[in-house]
Amino acid sequence: MASSVSATGTAVVEFTTESGTESIARSEITTTDASAPVSFGFEILYRRLVLRVGTSAGGEEVIIDTVFEPGQHVITFTPGAATYYIEWRLPEIGEATLREFQRLAAGNFELETPWTASELASLRHEQSLNTQWWTVRSKQTRALERRGSSSWSLRRFTPENGPFGPLNLSDVSMTASARTGTATVTASRAVFNTADVGSLIRLTHAGQFETEGFTAVDQVTEAIKVTGIEGERAFNYTVSGGSGTVVLERSVGNEFSYVQVSGASPGTYNDELDNQVIFYRLRCSAYTSGTITVTMTYAGGVTDGTGFIRSVDADNEITVDVLEPFAKTTATSLWNFGSWSGRFGYPAATALHDGRLYFAKDNAYYGSSPDDFENFEVTALADGAISRTFPGRMTSARWLLGGEELYAGLSGREDVIGSNAFDELIIPTNVRSRPRSRRGSADASPIELDDGAAFISRSKERLIGLRYDGNRTAESIDLTRLNRSIGGAGGFKEVAYQHEPEPRIWCVREDGQVAVLSYDPNESVVAWWRMVIDGLVKSVCCVPGTPEDEIYFVVERTVGGATKRFVEKLAPEAWDAVSEAWHLHSALKYEGVSTTTLTGLGHLEGREDVYVWGNGRQQGPFTVSGGAISLTEPVTYAIAGLLYSGKYKGPRLNWGGSMGASLTLEKQVKDLGLIVSDTAGGCLAWGRGFNEGEYQRLKDRREGATFDSPLQLVDEDMSFPFEDQTAKDPRLHILMDKAGPAKVQALVPLVDTHG
């Protein structure tokens, strides 16, 4: 069929392709600015379509033939001509729909996702180059594809050849109305329900049947396997439609050494090679135009036909898009459903490892063929896909992680999926899964560490590490063993790992606080601390960067009586000038002419506690009104936001006793030595507590300093009298609660112990 499409409005185009034909829709578009990029949004249903864009009708001068799978898409390109042509083609036998095809206005483009807010914590993803796979057990897996900075696709991930569940063992038979295209499959009694939509179904018949539509040179059919003697070896093949040359090829004993069969022509062919195993296929050796439809039919062996369930029309009838042609239109009791569906559930986790794309669902795991992430056909060959179950009691997959090994987090334990021998590649005949921990995993994504992995335990109160010992055995380590309460009352909900400038594990807690683990096993560093800010942290992620990784948070705050969420990034730890140091949160930067008014603070509207670090000095508090604040001193460089406090409470002191340990003795801190660096005057305090009157503060100016200049940085060793009382447990407190930087490298207390 042929159809035109509006360039500015929306359109729905139906494609129907029959044997030996193609369905094409073409639109002629005129633009007033040929050098300006244009963007189109659209959705494809049922079957893949091929797009080309040219400056001539049917041409490919702008975009060569590009395949778009069913799903949502945005494509951006520069026409390069005042008149250009967009052409869509359905090369396969069957039906497809192009809808909501429209020109998009410049700005932000959106692709609608299917996940609800309650499912976000269960989302898992993996990435290879420009493709990401997103899984959650309650929804069909999606593939997010980047085609360019403004060209994206979000499609349903539906491999056409598996994986499949167990073969039917009942007396129910299935009958297809057609071998190709769109067909109706009727069951001998009720077996379908609406949750089967989007699943695969496979029908197996005696005999082998292959068909293909050739549109290019060197395209081939799947092979048929010929065995037996005399008349048992005869098979038939046909060639119709299009313009080109098709040849018959064979390979003896395997599918790797095909040569052309001399003198063969369409019709019945018998090689008379009794008792030999020969594989035959058809190849397009020359192509001119159209679609060349070929078929091969052989009575021996079996053929698996596959269909994608488009709709459930009755409890015993479905409509399918035939993906791999059915061999016959007669009834067969050899059939099975796909392993992934609304009825049986979808994968809950995914990971890449050793060239295979893995998924896990409930107590089973699946691996694609090597470097072919759309191929899940299970075979005994080394390049076949993998479909196995986790051993032991029933448990549900929570996550997968490809690292030193393929790690699997389950609700009841953690496994390592590998081969039978160390450093041997996983293939279908040697794959196995072995338990390495019995902690059980929470429904949260893990992180990969330099020496293994880390995950949140089933209780959510523990962060567990998996790493290898000297015998190459994965062992589990409780990373919270030195601070059992660090997870808070609700435990952890999400983690992210930062490599630069220091290795840290950022852990978001259920109560909205953040626990951070400084973790460097090579230096024996395992130290927990908390980051407490104004608001509730909902999520964290780490983006690799140079020279520092970038840490992002989603923070929830109440502003003007309304609940709002903000995406905020930690400022770099390194800075060149004191005026550039960021020590405010929910903050924005101003740089320009001297001013006493800062605008653009609408996200803090109504807040009365906004401070400014301007030209290296602190001002505030200010109240945001109309998204602006008025300063007391003019600035040319300023950071405006909310204060937060850095607090350190030291351990119990255990020295100063003439007889040895003084942990339980009365003692008094007389003096405190401080080694500080890069510390702005007035931004550091120390004492016996954090309350006013319990601490003393570093002066913000020295004699001879200019008061309208940035605060001076302190880099030296200092000693001060310490105002404290005699007690068994005096503690040292450090407070960094201003908008400027402070760094304490060492504390040296002088303790007077009363024995």
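Predicted model: local features only at pLDDT ≥ 70, side-chain atom pairs only at ≥ 80, totals over all residues.

Residues are numbered from 1 along each chain as its sequence is written, and side-chain values use heavy atoms, with hydrogens and water left out.

**Exercise 1. Describe the aromatic pair of phenylalanine 40 and phenylalanine 77.**

Step 1. A pair of aromatic rings is described by the distance of the centres and the angle of the planes. Rings of Phe, Tyr and Trp (its six-membered ring) pair if their centres lie within 6.5 Å; planes under 30 degrees apart are stacked, over 60 edge-to-face, and the rest tilted.

Step 2. By this rule the count is 28 aromatic pairs. In the pair of phenylalanine 40 and phenylalanine 77, the centres are 6.0 Å apart and the planes form an angle of 10°, so the pair is stacked.

Step 3. Strands (E, at least two residues) are DSSP runs, numbered from the N terminus. Phenylalanine 40 belongs to strand 3 (residues 38-45) and phenylalanine 77 to strand 6 (residues 71-77), 37 residues apart, and the pair thus links distant parts of the chain.

Step 4. Both phenylalanine 40 and phenylalanine 77 are buried; buried means under 20% relative accessible area, exposed over 50%, and partly exposed in between (1.4 Å probe, protein chains only).

Step 5. Ring pairs also join Phe40 and Phe77 with Phe42, Phe68, Tyr84, Trp88 and Phe101 in a cluster.

**Exercise 2. Which residues have the most contacts inside the largest nonpolar core?**

Step 1. A nonpolar core is a set of buried Ala, Val, Leu, Ile, Met, Phe, Trp, Tyr and Cys residues joined through side-chain atoms within 4.5 Å.

Step 2. The largest such core has 22 residues, and those with the most contacts inside it are Phe15, Phe40, Phe77, Ile86, Trp88 and Leu98. Among the strands that each supply at least two residues of this core are strand 1 (13-17), strand 3 and strand 6.

Step 3. A second, separate core of 19 residues includes Ile477, Ile505, Leu517 and Trp528.

**Exercise 3. Which residues stand opposite isoleucine 318 of strand 23?**

Step 1. Two strands pair if DSSP finds at least two bridges between them. Strand 23 (residues 317-324) pairs with strand 14 (residues 182-187) in the antiparallel sense over five bridges. With strand 22 (residues 292-314), strand 23 forms an antiparallel pairing over seven bridges.

Step 2. Isoleucine 318 faces valine 185 and is also the bridge partner of valine 312.

Step 3. Strand 22 and strand 23 are joined by a hairpin through two residues.

**Exercise 4. Is serine 39 buried or exposed, and which residue does its side chain join in a polar contact?**

Step 1. Serine 39 is located in strand 3. Its relative accessible area is 7%, and therefore serine 39 is buried.

Step 2. A polar contact is a pair of N or O atoms within 3.5 Å; within protein, one must be able to donate a hydrogen and the other to accept it, and residues adjacent in sequence count only if both atoms are side-chain atoms. The side chains of serine 39 and threonine 76 are joined by such a contact of 2.7 Å.

**Exercise 5. Is glutamate 272 buried or exposed?**

Step 1. Glutamate 272 lies in the loop between strand 20 (267-269) and strand 21 (278-289).

Step 2. The relative accessible area of glutamate 272 is 65%, so this residue is exposed.

Definitions and conventions
Helix = DSSP H or I, 4+ residues; strand = E, 2+ residues; numbered from the N terminus.
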